[in-house]
Amino acid sequence: MAKYDIIIVGAGHNGLVAACYLAKAGLKTLVLERREIVGGASVTEEIHPGFRCSALAHSAGPMSPQVIRELDLQKFGLEIIDNDVRVVALAPDTRSICIYNDVARTSDEIKSFSSKDADAYPEFVKSFSRIGRVLAPLATMTPPSIDRPAPNDVWQLGKMGLAFRNLGKKDEYRLLRWGPMAVADLAAEWFDTELLRATVASRGIYGAFAGPWSAGTSLGLLWQAALDEHPIPPASFVKGGMGALAEALSNAASASGVEIRSASEVSAIYAGNGISAKVLVNNKDELDARAVVSNADPHATFLRLIDPVELEPTFLSKIRNYRANGAVGKINLALSGLPKFNGIDDASKLTGRIHVGPEIDYLERAFDAAKYGDFSPAPYLDITIPSLTDPSLAPESKHVMSIHAQFAPYKLKSGDWNSRRDEFGNTVIAQLEQYAPGISNLIVAQQILTPLDLEQVYGLSGGHIHHGEQSLDQFFTFRPLLGWAQYRTPLNRLYLCGAGTHPGGGVTGLNGANAAREVLKDVKAGKI
Ligand SMILES: Cc1cc2nc3c(=O)[nH]c(=O)nc-3n(C[C@H](O)[C@H](O)[C@H](O)COP(=O)(O)OP(=O)(O)OC[C@H]3O[C@@H](n4cnc5c(N)ncnc54)[C@H](O)[C@@H]3O)c2cc1C
């Protein structure tokens, strides 16, 4: 008899979500995490005494309300801070557009740039919201098998087909056209204002090795709409930083009987055809279970933890071709005061995300640098100041700032990340100075995370923030590979539950929940 029913490799938020569901179903579940702390990319770190910041992800995807409810995460301490402001977009000439949850208020903001765009904005949001509602069920379903669709797959897809028909011709055509489009084209179909176009387009390239003129980048907007009925992502913060989400999940898991061990790196997985699966921990201890569920990304799981002789050469070659080279760096700042942004007199406009990337061409040029192996001299920045809405993160009247900086390619053509770390940090701060003059004088401490750090410290292969590109060829039934999008793997006792599975990256908890459902089906069917 195996000691555990399930061993989960990795305590990212998806690993913890999966653990909660599996333990609640009565399975003896162990989670092994290589780091000292749980959460993976959902972590809060003290970057300077008294200053705490979401070190990596700073705004939830949003987190699935269903998962929050079913796991009772509020009871375990989760407090989501939803801000009225989604994003404020800054222009170099000190003008700005603030995008609120409130559509009419946003149109008012846009009016000072273009009354035509202000009039188009409500239909833009409504259209994405209608389409998003049709796509939403995809997020919580297991992508169907193309070769052998189960009766339930056919039923689910049939229901979606019906919902699609009910969209009406205009939205039906939109949905079919938009998916493969470059997001720059889509934004230009709706709006004339460059700042607005670039803000809209930024969703399509968030975390991607792609620029706004890359084909298929509109997918990001459609998917965002599926997650929260809006094409522009929310500012969905967690009180205490993203680490507080991991803490709530780990409390919920422990309450359901899950055992969590940190500083326990899985160095090998054996999960083929035997009567149980095994993992090697910290290169010395062997533990066995009925099945292993990996929260590590596909490259880490298949190329590092499994003996290649266990996998078919064609599968291995497809996994090697799975694209997962990251393009994001992260700078976190401890600030002695609130920076003053040009043209922003009302600090409440800074409570959501702050967008730097004023034109489509700016974003494309930022990508060009990465395409040719260097970080952008003028990067696209997605910034938050979470201490504005959660003062517990910094000492009184002081602040923390979290800066997602794109593009910073994992592979540099010249030099290496360790020797160019400061240069990268200085480039980002210099860019920020143009929008918030004097910010450098407020910096008490800084944390500069390069794509190499994302790999070496946080375990993200290739430093990819989503465990792999979220392009049309690595999406839904193709994530991570066609034929293997149902959380199962070629090894009978190995499953995946991380962001490299459907529905992809972002802090939603859905990968973990979907994967747990599939594992439970196989337990019930006596397959494991
Ligand atoms: C810089 C950055 C910014 C981001 N910004 C946002 C954002 O603002 N909003 C958003 O929604 N998403 C954002 N994301 C994406 C999001 O954070 C991830 O998609 C999501 O957190 C992935 O969760 P996960 O649980 O699937 O994997 P992870 O969080 O990567 O967790 C995997 C875990 O497995 C562990 N592990 C790996 N290998 C082993 C092993 N061999 N043994 C034991 N443990 C192992 C790792 O240490 C890690 O804890 C960002 C990500 C990054 C990196």
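Glutamate 33 puts a polar side-chain atom 2.6 Å from an oxygen atom of the ligand, a polar contact in the sense of a pair of N or O atoms within 3.5 Å. Keep in mind that this is a predicted model, where local features need pLDDT of at least 70, side-chain atom pairs count only at pLDDT 80 or more, and totals for chains, interfaces and linings use all residues. Numbering runs from 1 along each chain as its sequence is written, and side-chain values use heavy atoms, with hydrogens and water left out.

- In total, 35 residues surround the ligand, with Glu33, Ala41, Ser59, His467 and Val507 the closest (a heavy atom within 4 Å is the cut-off).

**Isoleucine 146**
- You'll find isoleucine 146 in the loop between helix H4 (115-139) and helix H5 (151-166) (helices are DSSP runs of H or I, at least four residues).
- Isoleucine 146 counts as exposed because its relative accessibility is 57% (exposed is over 50%, buried under 20%, partly exposed in between, with a 1.4 Å probe and protein chains only).

**Proline 180**
- The loop between helix H6 (169-178) and helix H7 (183-190) holds proline 180.
- Proline 180, at 45% relative accessibility, counts as partly exposed.
- C-alpha to C-alpha, proline 180 and leucine 195 are 23 Å apart in space and 15 residues apart in sequence.

Note on methods:
Polar contact = N/O pair within 3.5 Å; in protein donor to acceptor, adjacent residues only side chain to side chain. Helix = DSSP H or I, 4+ residues; strand = E, 2+ residues; numbered from the N terminus.
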